[in-house]
Amino acid sequence: MSHHDSDSRVIEADHPNYNATLLRRVDETDDLGYFWVKLDGDPIPFEPGQYMTIGVYADGKIVQRPYSVASPPREAGTEGYEFYVKLVPILRFTTLLWRLPLGHRMRMIGPKGKFMVEPDDDRTHLFVSTGTGIAPFISMMREAQAAGAPRRTVLLHGCSYADELGYGDLLRSWEAEGTYPVRYVPTVSRPSEAANSSWTGRTGRVEAVVESVRREMGLRPDRTVVYICGNPEMILNVERILMDSGFPEFHVKKELYWPKGKTLTPAEAPAGR
């Protein structure tokens, strides 16, 4: 039995505080999915890189979680806000989310966050992420492309297993077709496991490969800005490695997916928000 099947909390079908609807869902794996949530009225403006908080009422109380938006702001009024979510195997929000049918009412508030690209920054952008931490970068790139102002980008994305490399098809198509000036660098950290038997790409945690990627791509500290999104340990490791390579601290921007100093068990620690 999956963890969401064992969640017996009663989800309220309607509530006065509901202001949005689950519009669409696409499953990447059994525990990874893309969810689109649309507000009832006009969309709330946001900047790529910011996050919204979505939730439902269950057993009489709100259960909610913040997630970075993966879609561009210009689509919020038609397609809704896209979220890339990992099912966390404890009875919190995601076990409720996985049970929701399309059309279910929800609560959504926001946006919040200051993890945004600088305007008119013509340096090469190095995006480093793990798991669902790739979501804000997808929003940034989609918006830049739609605005006709894509920036030269190297996107390093790490996961345990190859089937967890979300948005991989989109990024490969952009790179192959030249529709976005991106170099997509996926890596898996558990290459010896059976689930990765067909993987022929790069291996190792992002911390272990970021320096070689920097050298291969010719990313100079004075001409590159770095954005890192994910868990604090990975962020601090990548930041230290890049600073050792000459990157000044103010060239490295970061988004922690849970607060520093907060210790989560392996079961609690999400790959993304």
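Arg-74 is partly exposed in this predicted model, with a relative accessibility of 48%. Its side chain forms a salt bridge with Glu-143, and the closest N and O atoms are 2.9 Å apart. Glu-143 belongs to helix α2 (residues 135-146), whereas Arg-74 sits in the loop between β4 (61-68) and β5, so this pair ties together parts that are 69 residues apart in sequence. Glu-143 is buried, its relative accessible area being 17%; the cut-off for that class is under 20%.

**Salt bridges**

The model contains 17 salt bridges.

| Asp-31 | Lys-86 | 3.4 Å |

Asp-31 is in the loop between β1 (20-29) and β2 (32-39), and Lys-86 is in strand β5 (residues 81-86), so the two tied parts are 55 residues apart in sequence. Both partners are classed as partly exposed: Asp-31 has a relative accessibility of 27%, and Lys-86 has one of 22%.

The pair Glu-211 and Arg-214 has another setting. Both residues lie in helix α4 (residues 206-216), and because they are three residues apart there, about one helical turn separates them. Glu-211 is buried at 17% relative accessibility, and Arg-214 is buried as well, with a relative accessible area of 14%.

**Packing of α2 against α3**

Helix α2, which carries Glu-143, also packs against helix α3 (residues 168-177): the two axes come within 12 Å and cross at roughly 40°. The two helices are therefore oblique to each other, and their crossing is left-handed.

Which residues of α2 and α3 meet? From α2 come Ile-138, Met-141, Arg-142 and Gln-145, and from α3 come Leu-170, Leu-171 and Trp-174. Arg-142 is the charged one and Gln-145 the polar one.

**Summary**

Helix α2 thus takes part in two of the arrangements described: Glu-143 links it to the loop between β4 and β5, and residues including Ile-138 and Met-141 bring it into contact with α3.

Methods:
Residues are numbered from 1 along each chain as its sequence is written. This is a predicted model: local features need pLDDT of at least 70, side-chain atom pairs count only at pLDDT 80 or more; totals for chains, interfaces and linings use all residues. Side-chain values use heavy atoms; hydrogens and water are left out. A salt bridge is a side-chain nitrogen of Lys or Arg within 4 Å of a carboxyl oxygen of Asp or Glu. Helices (H or I, at least four residues) and strands (E, at least two) are DSSP runs, numbered from the N terminus. Buried means under 20% relative accessible area, exposed over 50%, partly exposed in between (1.4 Å probe, protein chains only). Axes are lines fitted to C-alpha atoms, for helices over the stretch in contact, and angles run from 0 to 180 degrees between N-to-C directions. Angles under 35 degrees count as roughly parallel, over 145 as roughly antiparallel, 65 to 115 as roughly perpendicular and the rest as oblique. A crossing is left-handed if the near helix is turned anticlockwise from the far one by less than a right angle, and right-handed if clockwise. Contact means heavy atoms within 4.5 Å.
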